[in-house]
Amino acid sequence: MTNQILIFLLDTVLGLFSLALLLRFYMQLLRTPYYNPLSKFLVAVTNFIVLPVRRIIPAWRGFDLSTLVLAWLTQFIILAGVNILKGYGLDSSPISVFIGLGLLALIELVRMTLYILMIMLIVQAVLSWINPYSPLAPILDGFTRPILSIFQRYIPPIANVDLSPLFAIILLQLLLMIVEKVQQGISVMF
C-alpha cells in the first residue's frame with residue numbers, strides 16, 4: 001500500500017514537472033508569445049532548475065537543450081523510481097539498465113509530445129467555436145500550426161469547415177500506436 005502511494009506521488013509530481021519542462025521547451029522552440037499567463041507560469045515553475053543547468057548545457061541552434069535534458073532526466077527518475085518501488089530487479093549490468101531506462105524516458109517524452117499536440121488540437125477546435133479570441137489562441141496556434149499546415153495544403157475546407165484537425169488527430173493516434181509498440185519492445189529487452 002505504501003509503495004502504491006509513493007509510486008502515485010512520484011509519477012504525479014514529477015510527471016507534471018516533466019510536462020511543464022517539455023511545454024516550456026516547445027514554447028521556446030515555437031516562439032509562442034511570452035506575455036501569455038501560461039508562458040509566465042511555466043517559466044516561474046521551472047526557472048529554479050533551468051537557469052542553473054543552462055550554465056552547464058547551453059542552447060544549440062534555437063533548441064533549449066537544458067530544458068529538454070531536464071525533462072528527459074525527470075522521466076528517467078520516474079522510471080527508475082517506479083521500477084525500484086515495484087521491486088523489479090535491476091540485476092542487469094548498470095550500463096544496460098541506464099540505456100534501457102534512458103530509451104524508455106526518451107520514448108515517454110515522444111508520447112507526451114503526441115498527447116500535448118492532440119489535446120491542443122481538440123482545445124483549439126472547441127475554442128474556435130466558443131471563443132476564438134481567447135488568450136490561449138496564440139499559444140494553441142503556435143503549437144498546432146506546423147502539423148495543421150501540412151493537412152491544410154492537401155485538404156481544402158468543406159463548406160467552410162476545416163477538417164485538418166480531424167486528420168491530424170488520426171495521424172497522432174497512429175503515431176501513438178507505433179510509440180507504444182516501440183516502448184513494449186524496449187521494455188521486453190530491458
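This note walks through some helices, salt bridges and core residues of a predicted model.

1. Annotated spans. The unreviewed UniProt entry lists residues 6-26, 63-85, 97-130 and 163-179 under "transmembrane region".

2. Gln124 and its surroundings. Gln124 lies in helix α4, and it counts as buried because its relative accessibility is 19%, where buried means under 20%. Leaving aside residues up to four places away in sequence, Gln124 touches Leu140, Asp141, Thr144 and Leu148. With one of these, Thr144, the side chain of Gln124 makes a polar contact of 2.5 Å.

3. The salt bridge between Arg54 and Asp64. A search of the whole structure finds 3 salt bridges, and in one of them Arg54 pairs with Asp64, the closest N and O atoms being 3.0 Å apart. Arg54 lies in helix α2 (residues 37-56), whereas Asp64 is in the loop between α2 and α3 (65-85), so this pair ties together parts that are 10 residues apart in sequence. The two partners can also be described by their accessibility: Arg54 is partly exposed at 30% relative accessibility, while Asp64 is buried, with a relative accessible area of 6%.

4. The salt bridge between Glu108 and Arg111. The side chains of Glu108 and Arg111 meet in a salt bridge with an N to O distance of 2.6 Å. Both residues belong to helix α4, where they are 3 residues apart, or about one turn of the helix. An α-helix has 3.6 residues a turn, so residues three or four places apart point the same way. Glu108 counts as buried at 11% relative accessibility, whereas Arg111 is partly exposed, with a relative accessible area of 26%.

5. The salt bridge between Arg145 and Asp141. Here the side chains of Arg145 and Asp141 meet at 2.7 Å, N to O. Because they are 4 residues apart in helix α5, about one helical turn separates Arg145 from Asp141. Both count as partly exposed, Arg145 at 47% relative accessibility and Asp141 with a relative accessible area of 29%. Asp141 is also among the residues that Gln124 touches.

6. The nonpolar core. The largest nonpolar core has 21 residues, and those that touch the most other members are Leu21, Leu22, Leu23, Ile116, Met120 and Phe143. At least two residues of this core come from each of α1 (2-29), α2, α3, α4 and α5, and the largest share, 8 residues, is supplied by α1.

Key. Residues are numbered from 1 along each chain as its sequence is written. This is a predicted model: local features need pLDDT of at least 70, side-chain atom pairs count only at pLDDT 80 or more; totals for chains, interfaces and linings use all residues. Side-chain values use heavy atoms; hydrogens and water are left out. UniProt positions are given in the numbering used here, feature names are shortened, and annotations may be inferred rather than shown by experiment. Buried means under 20% relative accessible area, exposed over 50%, partly exposed in between (1.4 Å probe, protein chains only). A polar contact is a pair of N or O atoms within 3.5 Å; within protein, one must be able to donate a hydrogen and the other to accept it, and residues adjacent in sequence count only if both atoms are side-chain atoms. Contact means heavy atoms within 4.5 Å. A salt bridge is a side-chain nitrogen of Lys or Arg within 4 Å of a carboxyl oxygen of Asp or Glu. A nonpolar core is a set of buried Ala, Val, Leu, Ile, Met, Phe, Trp, Tyr and Cys residues joined through side-chain atoms within 4.5 Å.
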